[in-house]
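Q: Please take a close look at one part of this model: the packing of a single chain and what that chain touches. Please state the cut-offs as you go.

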Amino acid sequence: MATRTDPTELTLDTAAALAAEEEAVEIRGKSPWALAWRRLRRNRFALLFLGVFLLIVVACALAPVYASSVAHTTPDENHIGENVTVGGKQIPVITKGGIKFVNGQTEFHPGGVPIGPQWWHARGRFVLGADKNGRDVAVRLLYGGRNSLVIGIGSSVICSVLAICLALIAGYYGGVLDWLITRFFDLIWAFPVILLGIALGTALQINGFHHFGITIQPGSLWIPTLVISYVLIPYIGRPLRGQILSLREKEFVEAAVAQGASSARIMAFEILPNLASSALVLFTLIIANNILTEAALSFLGAGVQLPDPSWGNMISEGQQTIITAPWLGIAPGISIVLAVLSLNVFGDGLRDALDPRATVRVEH
Amino acid sequence: MLAFLVRRLIGMVLVLAAVSFIVYFVFVIIPGGDPATRIAGKLATQTNIDEIRQRLGLDKPFVVQWFDMVKALFTGELRSYFTQLNVRQQIIEGLPVTFSLSIGAAIIWFFFGVVVGVLAAVKAGRLSDRLITVLALIGISMPVFFLGVVLRYLFAQRNSWFPDGGYVPLTSNPAQWFYHLLLPWLTLAVLFIGFYGRVLRGNMLDTINEDFVRTARAKGLSPRRVLIKHVLRNSLIPIVTLFGLDFAAVLGGGAILTESVFNLHGVGWYAATSVASLDLPPLMGVTLYGAFFIVVFSTIVDLLYAWLDPRVRIS
């Protein structure tokens, strides 16, 4: 950089000077992805939250390990009537209740109150306390997170694949197909989402689904996953269709047509790679949305079915005992906020990195 | 203009027909969904089931069944399979609650959404902008029902500063009406405040770089006047679209979570209680009611958009 002249004195020689300067370092072409990665790396805030999300994913994935070797229990095991050692003292997991005399005063202790968060005082047991059935909340939180994340990510994958296929067909072929698919997007848009989600979720949970050669058992995680997956199809499909409409007119597509490439080949190898960055951003943001939808359905009893935990149904359970044991509802709630927030922040950062001037955004 | 309206009207009817048809179809193909079997109970004989099926008209062809149900809904004869309550009557009874909740929350979220967006845009790049942006993101990431449960716990159960759920009609006691709805309003509004704030901030930062803003500055207008009359007014146009659609969704049963948490017996609550028993007629009624608001408001929004921004032509 030392040879660089003052930029205010731009002369014809500047070009030569710049050329000489750049010869010092070999110029390497950078792919758009490499450039994006470089921009993303500078966005510490986004990376921090990516780290938070990955941490949550890893923690939830390790739920069985935590349950067996730290908490020594399972997500569904009841510990009513048991005692736990805290700092050398035996404390009941669920209080039995009764009257105590302390300093000549009568104290009334209500029964059925579960043990509160013990952090590490009970050697890894009941780190976040117990629920009204004496189950370890920390263990249920991790297993519940696993369910919530599997459903959130799974439904987003299904949603994205369907939306991309529909957008490709609509945008590339145009005509009647385009009209039909656009109307289909409008139709999904007009659906009261949560209402239909609850209706479908509840109905499928009763007997499962046994049609068209597909069998889904009641209680399967596939039910909430599929029920949620269709909801955001227009959010991805619409902006991508718009992009495809303009990509279709580009010279490289024309060149591919001239070379005799088939439509499928053009869609897969010419158009799709150009959509990848938008699709990736939208994908990140809809995972966040789908985690929220799953939580809402489970909260209303139409998602993951008890006793299987999920963050949503844990809040619903926690609401019943919120006065005596507020941590039961607050712990899963904070987990949802953290997971969704980290995805939203990272998604924003990813959008800025991939295309600083992008206008695609997912709506809540 | 007239052609546009007529076309939209036809489109609306078609969308509503399609929505109701899909709801009906979904319930027929769901194995647990057959109402006759469920009403008859576990010990029913095939004759019982057939009898119920005939009484409810479920033995007719699928399309006829669907048509009968939609017709009954409009003539006000549709009744729940299980409680025998009139569906239209139940929805009408829930309307004051849902409307009070939605309108109050919408006023709060629109006002604060604009304030948050303008503040963040004016302070763009500074610490306060960062802080507002992070708070807005937290608001967006917060599940409505979790916020509701926490607010209810903190302000109504642990400390009794606010009434613990329930609804008081506006006509019987306006002060109590307001007092009972304040927490639900805030709960429902937070998500939208965060979302609108973020969108408006982005729009304003885009608009600030437009030529007409430079012209306004060059004319010697005060920065405040430029901001409000030129930047904000133009940035609000997309927000109006969002507002129309979100408001429609909330009116049309989208406040179901808030209504459940605060025990407000509105339309969403009615749907949530019917869902548990897979009671098709109320679900059909509420779904159509919700879809109606969404399609009507999206038409209104399109008209409003063309009026606000003359560059957009209705075609």
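A: In chain A, contacts between residues at least 6 apart in sequence are 66% made up of pairs at least 24 apart, a contact being two C-beta atoms, placed from the backbone, within 7 Å. The model is predicted, with pLDDT of at least 70 required for local features and 80 or more for side-chain atom pairs, while totals for chains, interfaces and linings use all residues. Residues count from 1 along each chain as written, and chains are lettered from A, with ligands numbered from 1, in the order written.

Chain A has 13 helices and six strands (DSSP runs numbered from the N terminus: H or I of at least four residues, E of at least two). Of its 364 residues, 43% are buried (20 or more other C-beta atoms within 10 Å; exposed is 12 or fewer, partly exposed in between).

Two helix pairs in chain A show how its helices pack. Helix α9 (residues 233-247) and helix α11 (residues 263-299) of chain A have axes 10 Å apart and an angle of about 160° (lines fitted to C-alpha atoms over the stretch in contact, angles from 0 to 180 degrees between N-to-C directions). α9(A) and α11(A) are therefore roughly antiparallel (over 145 degrees; under 35 is roughly parallel, 65 to 115 roughly perpendicular, the rest oblique). On the α9(A) side, A:Tyr235, A:Ile236, A:Pro239, A:Leu240, A:Gln243, A:Ile244 and A:Leu247 make the contact. They meet A:Ile271, A:Asn274, A:Leu275, A:Ser278, A:Ala279, A:Leu282 and A:Ile286 of α11(A). By class this gives eleven nonpolar, three polar and no charged residues (Asp, Glu, Lys and Arg are charged; Ala, Val, Leu, Ile, Met, Phe, Trp, Tyr, Cys and Pro nonpolar; others, including Gly, polar).

In the second pair, helix α5 (residues 137-173) of chain A meets helix α6 (residues 175-190) of chain A at about 140°, with axes 7 Å apart, which makes α5(A) oblique to α6(A). α5(A) brings A:Leu166, A:Ile169, A:Ala170 and A:Tyr173, and α6(A) brings A:Gly175, A:Leu177, A:Asp178, A:Ile181 and A:Thr182. Six of these residues are nonpolar, two polar and one charged.

The contact between the chains takes 41 residues from chain A and 42 from chain B. On the chain B side, eight helices supply at least two residues each: α1 (2-29), α6 (127-141), α7 (144-158), α8 (174-208), α10 (223-254), α11 (256-261), α12 (267-276) and α13 (280-308). α13(B) gives the most, seven residues. This side of chain B divides into 32 nonpolar, ten polar and no charged residues. Chain B itself has 13 helices and zero strands, and 37% of its 315 residues are buried.
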